Protein chains: 4
Amino acid sequence: MVSDLKIMKNTATLLINCPDRKGLVAAIADFLYRHNANIVHADQHQDAENNLFLMRVEWDLNGFGLTPDTFATAFAPIAERFEMQWQLKLSQQRPRVAIMVSHYDHCLVDLLYRHQSGELACDIPLIISNHKDTQRLADFYGIPFHHIEVNKDNKADAEARQFALFDEYNIDLIVLARYMQILSPEFVKRYPQRIINIHHSFLPAFIGARPYHRAFERGVKLIGATSHYVTEVLDEGPIIEQDIMRVSHRDQIDDLIQKGRDLEKVVLSRAVRWHIENRILLYANKTVIFD
Amino acid sequence: MVSDLKIMKNTATLLINCPDRKGLVAAIADFLYRHNANIVHADQHQDAENNLFLMRVEWDLNGFGLTPDTFATAFAPIAERFEMQWQLKLSQQRPRVAIMVSHYDHCLVDLLYRHQSGELACDIPLIISNHKDTQRLADFYGIPFHHIEVNKDNKADAEARQFALFDEYNIDLIVLARYMQILSPEFVKRYPQRIINIHHSFLPAFIGARPYHRAFERGVKLIGATSHYVTEVLDEGPIIEQDIMRVSHRDQIDDLIQKGRDLEKVVLSRAVRWHIENRILLYANKTVIFD
Amino acid sequence: MVSDLKIMKNTATLLINCPDRKGLVAAIADFLYRHNANIVHADQHQDAENNLFLMRVEWDLNGFGLTPDTFATAFAPIAERFEMQWQLKLSQQRPRVAIMVSHYDHCLVDLLYRHQSGELACDIPLIISNHKDTQRLADFYGIPFHHIEVNKDNKADAEARQFALFDEYNIDLIVLARYMQILSPEFVKRYPQRIINIHHSFLPAFIGARPYHRAFERGVKLIGATSHYVTEVLDEGPIIEQDIMRVSHRDQIDDLIQKGRDLEKVVLSRAVRWHIENRILLYANKTVIFD
Amino acid sequence: MVSDLKIMKNTATLLINCPDRKGLVAAIADFLYRHNANIVHADQHQDAENNLFLMRVEWDLNGFGLTPDTFATAFAPIAERFEMQWQLKLSQQRPRVAIMVSHYDHCLVDLLYRHQSGELACDIPLIISNHKDTQRLADFYGIPFHHIEVNKDNKADAEARQFALFDEYNIDLIVLARYMQILSPEFVKRYPQRIINIHHSFLPAFIGARPYHRAFERGVKLIGATSHYVTEVLDEGPIIEQDIMRVSHRDQIDDLIQKGRDLEKVVLSRAVRWHIENRILLYANKTVIFD
């Protein structure tokens, strides 16, 4: 449905994070110009309070004078001079995404359809679930599905099997699409800034379990959903995206749950998309989203 | 700006709260019909979980066969039979509203303009502030202004003077338009369901002080505002209205504060309006808003 | 995903449309009470300008003293006295919905998933498309799929085949889920108030073809979608629901199309849901939505 | 209410519009670096379809090596090489804004309060109205008010008096805050991209007169407002900002008008703010808003 051009584009994206100093933009722009880069998108952010400079620049690789291999050496002097943390991402190296899911399948259904329609420029080679419900859906989309039961006694074993699958499939990003198990600290530590979760409330309201029930009891007039990177403290990782929907006294808990599904789908898929398009930079437990 | 018809309308509004039983609507509708009421608006809500029936019905008083004085006696048999709590409100008895304000005057400015333009069908005979800043604005609108300083040592005295003013001006509703003092339990107890506050966050997120600063630190992608009735537990009274606005990494704290002002104005004014139009029913620390 | 209770409920819904007169509500409520109805939801609307009364009342059939067959006779005196147009709908007679679709399948995918998850209380026994793309999806959900090619020369024939299928499957509602063929006047006349379309703009802006392209050219800051009943004049039928999404100069036409898909799905599914839950009343080319 | 820092800042903003070419950003960044600019904000946009490059860069003037007078000469070689159209704006040269208003004063009230509270970094030395209603408000804020009656016979004369006032007060921007007179082509030509209007609909829906009445008749579910630059064709100038609000069958025309006021205020004030902060670039009858 989406034009093929978008999917086939051949660009490099450079993400930079460093102390803010004069001459930064000039040095980067001059470097790219000297190597004949055709910039298609650039955005930057200065955080005055933390004296921080964050930048995302994307250029067409046609005619560019460096290869991914020679880039690092050529860029090193600038990177060192300005004390940069940097990453180079190539649009043609599509990130490999694993989806973890439990009973609720609306986010999974949504992500798979968006992927198929060309909206998500990634590969999805793996679905893991602690239930068998979504096997048939995975089959429909031709994606390997692994059922790994999780209970109080086998958690470490189950996670070990999950890690093995992530390794086998060379997974870059893990998406928790309403996966209802709490990950161990080891799991979280193993994939820093590489696990995205959807929480069904407007965080930091209703941290923890059963947020719709608690929203109903509190009598809020809006319900929300929040996608965030998973860190060691539950529901306190950097927020990527949030959205809300209006509710009224007419809405019972079932209605909140149903309305919330539409929120969860959209809020999770935006986070996944921005991550795989290398639009997210992290600092101070917050995200910068370069749109 | 608003048509005079709206302001001059002559209606009665009956608010009912009782256990849900068959025949309720028939009994009420028959009663109104027998007394020749011309219903202009009716709305009801059944809460199945709590077996509760809530109703708001408004009718034109032209041709109605009862007076406000005779209504209670005539309605008593029905009210008793169905164990109703009920209130009768007359559109021509405009509620008398006092506004309390501190330094931040945006909500005050907004309420006074809405009142002048006919949007709020109430009288505003009193403004109380712990600062003198808004005196000139009160004068512009011709509203008596009382400066009552509040500090750690004189709180009880200050509140006593406030109570005296509320009595003197026959105040029905107290609106805290960014009034930055915490009311004593006595104050709150004295005006049950008659104090409306605006909190500058999406409650229950960021309960308490400096919500915009905490929202900034948490890196939320939306900021909110909440209007609620004041009860004894800070920021936990029944929520009347909430709304949100999108923010990004580009927004510093000053930007959140500024964007938030637009939210606070709208969210507080809706609550005040619904209260004075008798559209709010309370139960289980929640509100039903009959629109 | 949704509680079975919702799906299995056994209620009747009465929709009424008549001149506004005193005693209407009393007469209806008394009638229902005499026949032992347990009202679970009631809503009404008075249109003062057109002197019109519109009502939706839903009651539990457990213990109700009339059958669907005896209802009409029992209700006739009231209906005649107040010159009512009325319809009685039973929750257990699920409407039968046909979906028509062309290349773009996002609305179809969305409707089928919502149906499967219990959100749409209807049967979907038929999908018709002028392309074969969605056959596999129909198979996945086990729904009969009919490919009927449409071109300039065979339009009348194609529609005749469509009518035959609607008859064969006893279709109550036809949903145009991005069906890109214009229906003939005969088609529209045959199914009055029984065809719902999704238009990918905020009507009446960008009536007709290629609304996203025209929105892009005009430089709007919001894009929209509109679901409406189909009438003889293109894109001018009664509007059921609309929603919008923010766009910026960064969004190219492809981005508008992609963002718009999320709007179209939500806006169409709400319209379908409200229709099958008998929440929509029509008058003066407008809809009343009883929520 | 807003921190003084914001108001007192001393920056320069360069707005650039030219054909997209390699080396553009490097040339600009290098130029600024050589003259010791401390960039506080930079944003750019490439329009691939039109091969256009648009940029906004803002830097602190403390320590900058050029004066406003010497800037043009120093920048000329780059500007010529890349065929740039460019403007340099200084934060300390506050734009001078005239507001024109008729009966409806809500936008005027809103703009004056925002200005007073420090939200709008401009001077407002002039209010012109074809009615006397807002004189008292202008006096409250200490702003010269001129009543210039406009009728069919005196339009040219009235505009001549308006032009004389704009000249006398050195007006940079004219804001039509619900000014209900149509400007002559001469007026519009005299102030290209310097007149901002608020239209009370979601353009291009309901172009022309009485948009709320037409929205009501059409039965839309959302109403909107649009701020735009005024060009010779009525309501077809470049759109700066739009927003919408949900309405229902319960809303009569008066309700639309009232709800719309909240929209108009916000949508107009954003446009004015972005204009005076030099965030708007125009091309192809569209706006780029650098946020």
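Analyst: A contact here means heavy atoms within 4.5 Å of each other. With that cut-off, Glu49(A) touches Phe216(B) and Gln252(B), leaving aside residues up to four places away in sequence. This is a predicted model, in which local features need pLDDT of at least 70 and side-chain atom pairs count only at pLDDT 80 or more, while totals for chains, interfaces and linings use all residues. Residues are numbered from 1 along each chain as its sequence is written, chains are lettered from A and ligands numbered from 1 in the order in which they are written, and side-chain values use heavy atoms, with hydrogens and water left out.

User: What makes Glu49(A) count as buried or exposed?

Analyst: Buried means under 20% relative accessible area, exposed means over 50%, and anything in between is partly exposed (1.4 Å probe, protein chains only). Glu49(A) comes out at 56% relative accessibility, so it counts as exposed. You'll find Glu49(A) in the loop between β2 (38–47) and β3 (52–60) of chain A. Helices (H or I, at least four residues) and strands (E, at least two) are DSSP runs, numbered from the N terminus.

User: How far apart are Glu49(A) and Leu222(A) in sequence and in space?

Analyst: They are 173 residues apart in sequence and 32 Å apart in space, C-alpha to C-alpha.

User: Why is Asp235(A) called buried?

Analyst: Its relative accessibility is 6%, so Asp235(A) counts as buried. Asp235(A) is in the loop between β10 (222–229) and β11 (239–246) of chain A, and has a positive phi near 65° without being a glycine.

User: And what puts Asn278(B) in its accessibility class?

Analyst: Asn278(B) has a relative accessible area of 14%, so it is buried. Asn278(B) also has a positive phi, about 55°, although it is not a glycine. Look for it in the loop between α9 and β12 (280–283) of chain B.

User: How do you know how chains A and B are related?

Analyst: A turn of 180° and a shift of 0.0 Å along the axis does it, with an RMSD of 0.0 Å. The two copies are therefore related as by a two-fold rotation axis. Both copies use the same surface, since 100% of the contact residues of chain B recur in chain A.

User: Which residue of chain B comes closest to the rotation axis?

Analyst: That's Ala205(B), with its C-alpha 2.2 Å away.

User: What rotation superposes chain D on chain B?

Analyst: One of 180°, with 0.0 Å of shift along its axis and an RMSD of 0.0 Å. In chain D, the C-alpha nearest the axis belongs to Phe140(D), 3.8 Å from it. Of the interface residues of chain D, 100% are also interface residues in chain B, so the copies meet through the same surface.

User: How are α9(B) and α9(D) oriented to each other, and why?

Analyst: Axes are lines fitted to C-alpha atoms, for helices over the stretch in contact, and angles run from 0 to 180 degrees between N-to-C directions. The axes of the two α9 helices (residues 253–276 in chain B and in chain D) come within 14 Å and cross at roughly 170°. Under 35 degrees counts as roughly parallel, over 145 as roughly antiparallel, 65 to 115 as roughly perpendicular and the rest as oblique. So α9(B) and α9(D) are roughly antiparallel. Among the residues making the contact are Asp255(B) and Arg273(B) from α9(B), and Asp255(D) and Arg273(D) from α9(D).

User: Why do the buried residues of α8(D) lie on the same side of the helix?

Analyst: The buried residues of α8 (residues 211–218) in chain D are Pro211(D), Tyr212(D), Ala215(D), Phe216(D) and Arg218(D). They cover an arc of only 170° around the axis, so they sit on the same side of α8(D). That arc is taken over the directions from the helix axis to the C-beta atoms. Their packing partners include β11 (239–246) and β13 (286–289) of chain C. After α8(D) comes Gly219(D), with a positive phi near 75°.

User: What makes α4(C) largely enclosed?

Analyst: Nine of the eleven residues of α4 (residues 106–116) in chain C are buried, so the rest of the structure largely encloses it. His106(C), Leu108(C) and Tyr113(C) are among the buried ones. Gly118(C), with a positive phi near 90°, follows α4(C).

Key
Least-squares fit on C-alpha atoms with pLDDT ≥ 70 in both.
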